Amino acid sequence: MRIKMTLSYDGSNYAGWQRQINALGIETVVMEALARLHHHPVEITASGRTDGGVHALAQVIHFDS
């Protein structure tokens, strides 16, 4: 099942949207939360990205579960 999700977030303490090896990105936080909810790893696709410290009001993502 493909699920669409619209997120809002305060990016003040994050290194942007994208997963990074040396910093925490919003994508990592969202993927870990979805994996806990769905009891399996979840890969997400976002409609765009934000830079470090940038907030989002309606970031659209989708994932399969």
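Predicted model: local features only at pLDDT ≥ 70, side-chain atom pairs only at ≥ 80, totals over all residues.
Local features need pLDDT of at least 70 and side-chain atom pairs count only at pLDDT 80 or more, while totals for chains, interfaces and linings use all residues. Residues are numbered from 1 along each chain as its sequence is written, and side-chain values use heavy atoms, with hydrogens and water left out.

The protein holds one helix and three strands. Helices (H or I, at least four residues) and strands (E, at least two) are DSSP runs, numbered from the N terminus. Along the sequence the pattern reads β-α-β-β. The radius of gyration is 11 Å, close to the 11 Å that the globule rule gives for 65 residues, so the protein is as compact as a globular protein of that length. This radius is taken over C-alpha atoms, and the globule rule is 2.2 Å times the number of residues to the power 0.38. The C-alpha trace spans about 30 × 25 × 15 Å along its principal axes. Of the 65 residues, 29% count as buried. Buried means under 20% relative accessible area, exposed means over 50%, and partly exposed lies in between (1.4 Å probe, protein chains only). Contacts were also computed (heavy atoms within 4.5 Å). Among contacts with a separation of 6 or more, 58% come from residues 24 or more positions apart.

The three strands form an open sheet in the order E1-E3-E2, with antiparallel pairing. E1 and E2 are the edge strands, and each pairs on one side only. Neighbouring strands are turned by 30° against each other on average, direction ignored. Axes here are lines fitted to C-alpha atoms, for helices over the stretch in contact, and angles run from 0 to 180 degrees between N-to-C directions. Two strands pair if DSSP finds at least two bridges between them. Strands of a sheet pair through backbone hydrogen bonds, either parallel or antiparallel. Seven bridges join E1 (residues 2–9) to E3 (residues 56–64). Three bridges join E2 (residues 44–46) to E3. Here isoleucine 44 faces phenylalanine 63 as its opposite residue, and alanine 46 stands opposite isoleucine 61.

A search of the whole structure finds three salt bridges. A salt bridge is a side-chain nitrogen of Lys or Arg within 4 Å of a carboxyl oxygen of Asp or Glu. One of them joins arginine 2 and aspartate 64, at 2.8 Å from N to O. Arginine 2 lies in strand E1 and aspartate 64 in strand E3, so the pair ties together parts that are 62 residues apart in sequence. Arginine 2 counts as exposed, at 57% relative accessibility. Aspartate 64 is partly exposed, at 42%.

Arg19, Glu27 and Glu43 are linked in a network of salt bridges. The side chains of arginine 19 and glutamate 27 meet at 3.8 Å, N to O. Glutamate 27 counts as buried, at 9% relative accessibility, whereas arginine 19 is partly exposed, at 40%. Arginine 19 also forms a salt bridge with glutamate 43, with the closest N and O atoms 3.3 Å apart. Arginine 19 lies in the loop between E1 and helix H1 (26–38) and glutamate 43 in the loop between H1 and E2, so this pair ties together parts that are 24 residues apart in sequence. Glutamate 43 is exposed, at 52% relative accessibility.

In soluble globular proteins, nonpolar side chains tend to be buried together. A nonpolar core is a set of buried Ala, Val, Leu, Ile, Met, Phe, Trp, Tyr and Cys residues joined through side-chain atoms within 4.5 Å. The largest such core here has twelve residues, including Leu7, Trp17, Val30, Ile44, Ile61 and Phe63. E1, H1 and E3 each supply at least two of its residues. H1 gives the most, with four.

Leucine 7 touches residues including Trp17, Val30, Ala56 and Ile61, not counting residues up to four places away in sequence. Isoleucine 61 sits in strand E3. Isoleucine 61 is buried, with a relative accessible area of 1%. Isoleucine 61 and isoleucine 3 are 58 residues apart in sequence and 8.4 Å apart in space, C-alpha to C-alpha.
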